[in-house]
Amino acid sequence: MKNDTIAAIATARGQSGVSIIKISGSDSIEIADKIFKSANGSKIKDIEGYQALYGKIYDKDEYLDEVIVLKFTSPHSYTGEDVVEIQCHGGIYISEMILKLVLDSGASLASPGEFTQRAYLNGKLDLTEAESVMDIISAQGKKAAKAALAAKDGALSKKIEKVKKELLNIASHLSAYSDYPDEDIPGLGSENLKDRLEEISNDLEALLGTYEAGKIIKEGVDTVIIGKPNVGKSTLMNYLVGQEKSIVTDLPGTTRDIVEETISLGDFILKISDTAGIRDTNDVIEQIGVKRAKDKINTADLIFAVFDLSRDLSTEDLELVENVDPSKTIAILNKSDLDIKFDYKKLAKKLKRQVFISAETGSGVKDLAAAIADIIKVEQIDLDDGFLFNRRQFECAKKALNSVKEALDAVQQEMTLDAIEVLIEEAIEELLLLTGERVSEVVTNEVFSRFCVGK
Ligand code: GDP
C-alpha cells in the first residue's frame, strides 16, 4: 500500500464549466492549504469534513483561479483516505496549472484508476464493484449504465457471496467430520451433499449465463446491414451514425468492405456493420467483401435486411432472404417516400418483422427500436440482478463451476471426503479471486490499469 498522496484531474480534458482536481492521501489537506487562501481566512485543516470553502489558488504570489474546495476526511471518502477536491474554472490550461502546483507542493501524479484502487485496498469496494466503476464511466447506453450501477452497489458480489457461503459451509463440515472422527459430528450424507452441490452448480450456471446478456448490454448488439446494391444501406447507416461514413453513390457495388460503427438507438447500443451487397460479381475485391458479409450474417445477433420499395421484388431480394435467419432479421422497407412497387406482402411470408422507413428523410427509423426489442429481449433481463461483466469474472466463475462439477462426480464415485473437500476449496478459491478477496497484485494492477487517470 502506497502512503504517498496522489492527485489528478478528475474531470474530462476539454472546455467545461468546472474542472475538478482530486487529491487523496494523508498529506492532501496540508498540500491544499499551501496553495489555497479562503475568502473568510479559514484553513482547510481547521474546518470539519464534508464542508466547502470558497477562495483563491495562488502560485506563490501569483493569483491563478477562483475556486471552491471540498474536504472529505478518512475513512468516509471515496478512497477511504483524506481527500480534497478543488473545483476550478473549466478548461485544460487552468486545471493543469493547478494540478502542477499540487504536484510541486508534494503530491505525486495518480496512475490510471489509482483512486479506485485505493478504495479497493481500503476495503471500500470489492474487485467486481471496482470494475463496475469503469463500466459506469464507459457506459454508452442507459441500460449499460443502470446495470453497471447495480454492480457497483454489490449486486454481483451478493450473488457470489451466497454461493461462496454455501461452499464454505460444506467445506468446513467435511473438514470437521474427517479431522475429528472421534467427535460426534453427524455426516453430511451423500444425497444431501449431492443436492447441495447441484444447487450450487445451477446457481453458477445461471451466473455464467448472464455474461452474454451483459455483453450485449455493455458492448452492444452485433448488427449487420445487408441488402442488394443501391437499396439504401449506406444511406441508412449514415443516417443512424449522423455523418457521412459509407460512400453513397448511384452506382451498384460502391460499398466494398465492411464499415463498422457503434450507435445508440432507443435503449440499445448497436455495433453495426454496413456490408458489401451480396451479389454475384467478378470483381475480386468485391468478392472478398461479399464473403465477409456472409460470415457476418452468420455470427450477428441482429440483421437489418434492406429492400427498395420503389422497385419490384426481385429474385436477388428473395435469394438474400434465403441467406438469413428470420428469427433475428428485420426487413427494412426503404424509400417509403417514393411510389411503392415492391410486393412486401409476399416478402412477409418469409420475413414477418417489417419496418417502413425513408433513410433519406429519417421517417420511420424510430420504429426500428421496437422491432429490435422484439428480437433482443433485454427487457427480460433484470438489470438489478448480478451480472458477469467481463472476461476475467467469467473465467473465475467458470473454473469455480468446473470444480463444483468435479466434486459432484467425486461424490457419485464415492471418493474420500478429503478429495471432495479439496475440490470444494478450489471452487471457493476461484470465487475469492472473482471478488478480489484473494487476488494477486498483478491481477489488480492489470484491472486498474484499464481505468482512466483521475478515477
Ligand atoms: P447501398 O448501395 O445499398 O449502400 O445504397 P446507397 O445508400 O448508396 O443508396 C443508393 C441510392 O438510393 C442513393 O442515390 C441514395 O440517395 C438513394 N436513397 C437511399 N435511401 C433513400 C430513400 O429513403 N429515399 C430515396 N428517395 N432515395 C434513397
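# Chat notes on a predicted model

Q: Which residues is Thr-223 in contact with, leaving aside its neighbours within four places in sequence?
A: This is a predicted model. In it, Thr-223 is in contact with Leu-270, Lys-271, Ile-272, Ser-273, Leu-302 and Phe-304, with neighbours within four places in sequence left aside.

Q: Where does Thr-223 lie, and in which strand?
A: Thr-223 lies in strand E8, which covers residues 221–226.

Q: Buried or exposed? I mean Thr-223.
A: Thr-223 is buried, as its relative accessible area is 0%, and the cut-off for buried is under 20%.

Q: What separates the C-alpha atoms of Thr-223 and Glu-261?
A: The distance between those C-alpha atoms is 9.8 Å, while Thr-223 and Glu-261 are 38 residues apart along the chain.

Q: Another threonine, then. Where is the place of Thr-329?
A: Thr-329 is in strand E12, residues 329–334. Thr-329 counts as buried, because its relative accessibility is 1%.

Q: Which backbone oxygen lies 2.7 Å from a polar atom of the Thr-329 side chain?
A: That of Asp-325.

Q: And which residues does Thr-329 touch, not counting those up to four places away in sequence?
A: Thr-329 touches Ile-303, Ala-305, Val-324, Leu-351, Arg-353 and Ile-375. Ile-375 is also one of the buried residues of helix H12 (residues 367–375).

Q: What are the other buried residues of H12?
A: Besides Ile-375, the buried residues of H12 are Leu-368, Ala-369, Ala-371 and Ile-372. Seen down the axis of H12, the buried residues fall within an arc of 165 degrees, so they line one face of the helix.

Q: Why do residues three or four places apart in an α-helix point the same way?
A: Because an α-helix has 3.6 residues a turn.

Q: Switching to rings. How many aromatic pairs does the count come to?
A: The count comes to six aromatic pairs. One of them is Tyr-120 with Phe-448: the ring centres are 5.8 Å apart and the planes are at 40 degrees, so the pair is tilted.

Q: Which parts does the pair of Tyr-120 and Phe-448 tie together?
A: Tyr-120 lies in helix H3 (residues 114–121) and Phe-448 in helix H15 (residues 441–449), so the pair ties together parts that are 328 residues apart in sequence. Tyr-120 is buried at a relative accessible area of 12%, and Phe-448 counts as buried at 0% relative accessibility.

Q: What about Phe-307 and Phe-342?
A: Phe-307 and Phe-342 also form an aromatic pair that is tilted, at 5.6 Å centre to centre and 40 degrees between the planes. Phe-307 lies in strand E11 (residues 302–308) and Phe-342 in the loop between E12 and helix H11 (344–348), so this pair ties together parts 35 residues apart in sequence. Both Phe-307 and Phe-342 are buried.

Q: Which rings do the charged ends of Lys-22 and Lys-37 sit over?
A: The charged end of Lys-22 sits over the ring of Phe-115, 4.9 Å from its centre. For Lys-37 the ring is that of Tyr-58, with the charged end 4.4 Å from its centre.

Q: What is the bridge partner of Ala-8 in E2?
A: Lys-22. Strand E1 (residues 6–9) and strand E2 (residues 18–24) pair in the antiparallel sense over four bridges.

Q: What order do the strands of that open sheet have?
A: The order is E3-E4-E5-E6-E2-E1-E7, an open sheet of seven strands with mixed pairing. The edge strands are E3 (36–38) and E7 (108–109), and each pairs on one side only.

Methods: Residues numbered from 1 in each chain as written. Predicted model: local features only at pLDDT ≥ 70, side-chain atom pairs only at ≥ 80, totals over all residues. Heavy atoms only, no water. Helix = DSSP H or I, 4+ residues; strand = E, 2+ residues; numbered from the N terminus. Buried < 20%, exposed > 50% of the residue type's maximum accessible area, 1.4 Å probe, protein only. Polar contact = N/O pair within 3.5 Å; in protein donor to acceptor, adjacent residues only side chain to side chain. Contact = heavy atoms within 4.5 Å. Phe/Tyr/Trp six-rings, centres within 6.5 Å; stacked < 30°, edge-to-face > 60°. Lys NZ or Arg CZ within 6 Å of the ring centre and 35° of its normal. Arc of directions from axis to C-beta. Pairing = 2+ DSSP bridges.
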